Every structure is written in structure tokens, then in C-alpha cells.
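Here's a quick briefing to read alongside the coordinates. Have the sequence and the model open while you go through it.

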Amino acid sequence: MSSNSHRGASFYGNAAPYRSREGLSTRPVASSDEIQLHIDPGVDFDDEITGLRGQVRKLKNVAEEIGSEVKFQRDFLEQVKMVMIKAQAGVKRIT
């Protein structure tokens, strides 16, 4: 996280100014609808992007796993529903 203090916090009301993890920070300028962005040249954004792509792949895998589990649960519940319908019909025939 950036080492900037809460300098300019009054510009943002009671909220602290926006800061990203590393390398980016904002500060207010003369116009209230403008910001200045400082990019730390020491941050390797290629590595950051590669890391984010890896996280996206992991999230896609998790989403696929969740989708598979949902399908399995849906199919299972349909089977249970059919068993219950057959059981109810059997009970009605007996009584």
C-alpha cells in the first residue's frame, strides 16, 4: 500500500483518498472533478497483470466446479422428487 498520509482527506469529506495496493496514488488538484495520478516506476505492471490473469483462470475453474455441482444437485433433487411421487402413489394404493 502506498505510504502517503491522509493528505487532502478534506477534499474527500471524511473518507481517505483512494490508494491502490502499490504504485498508484491520487491527490486532489484545483478542480474538484479532477485527480492527479502518480504511477510508481518501480512497480512491474506486467507481473501484476500476469498475476491477475492467473487469478481469473482460478476463478473460472471455481465457477465451472460450482456449475457442475449445481447440475449434480439439481439432477439428484429431480431423482428424489420422482421417488417421492412414486412412494406417494404406492401409499395411496395401499390405503
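What follows covers the fold, the confidence, the surface and a few side-chain pairs.

This is a predicted model, in which local features need pLDDT of at least 70 and side-chain atom pairs count only at pLDDT 80 or more, while totals for chains, interfaces and linings use all residues. Residues are numbered from 1 along each chain as its sequence is written, and side-chain values use heavy atoms, with hydrogens and water left out.

**Fold**

- The protein has one helix and two strands, with helices (H or I, at least four residues) and strands (E, at least two) taken as DSSP runs numbered from the N terminus.
- Reading from the N terminus, the order is β-β-α.
- Among contacts (heavy atoms within 4.5 Å) between residues at least 6 apart in sequence, 2% join residues at least 24 apart.

**Confidence**

- Mean pLDDT (the predictor's confidence in each residue, from 0 to 100) is 78 for the protein, and 66% of the residues reach 70 or more.
- Helix α1 has the highest confidence, at 94, and strand β1 (residues 24-28) the lowest, at a mean of 60.
- Residues 1-12 stay under 50 in pLDDT, and the model has 29 contacts beyond four places in sequence for them.

**Surface and burial**

- Of the 95 residues, 11% count as buried; buried means under 20% relative accessible area, exposed over 50%, and partly exposed in between (1.4 Å probe, protein chains only).
- The protein exposes about 8400 Å², with carbon and sulfur atoms supplying 58% of it; accessible areas come from the Shrake-Rupley method with a 1.4 Å probe, and for residues only the protein chains shown count as cover.
- F72, F76, L77, V80 and M84 make a nonpolar surface patch of about 500 Å².
- Patches take residues with over 30% relative accessible area and no salt bridge, joining like charges within 9 Å and nonpolar side chains (Val, Leu, Ile, Met, Phe, Trp, Tyr) within 5 Å.

**Side-chain pairs**

- Searching the whole structure turns up one salt bridge, meaning a side-chain nitrogen of Lys or Arg within 4 Å of a carboxyl oxygen of Asp or Glu.
- That salt bridge pairs D75 with K71, their closest N and O atoms being 2.9 Å apart.
- D75 and K71 are four residues apart in helix α1, so about one helical turn separates them.
- D75 is partly exposed at 35% relative accessible area, and K71 is also partly exposed, at 47%.
- Q73 lies in helix α1 (residues 45-94) and is partly exposed, with a relative accessible area of 35%.
- The Q73 side chain makes a polar contact with the side chain of E69 (2.7 Å); a polar contact is a pair of N or O atoms within 3.5 Å, where within protein one must be able to donate a hydrogen and the other to accept it, and residues adjacent in sequence count only if both atoms are side-chain atoms.
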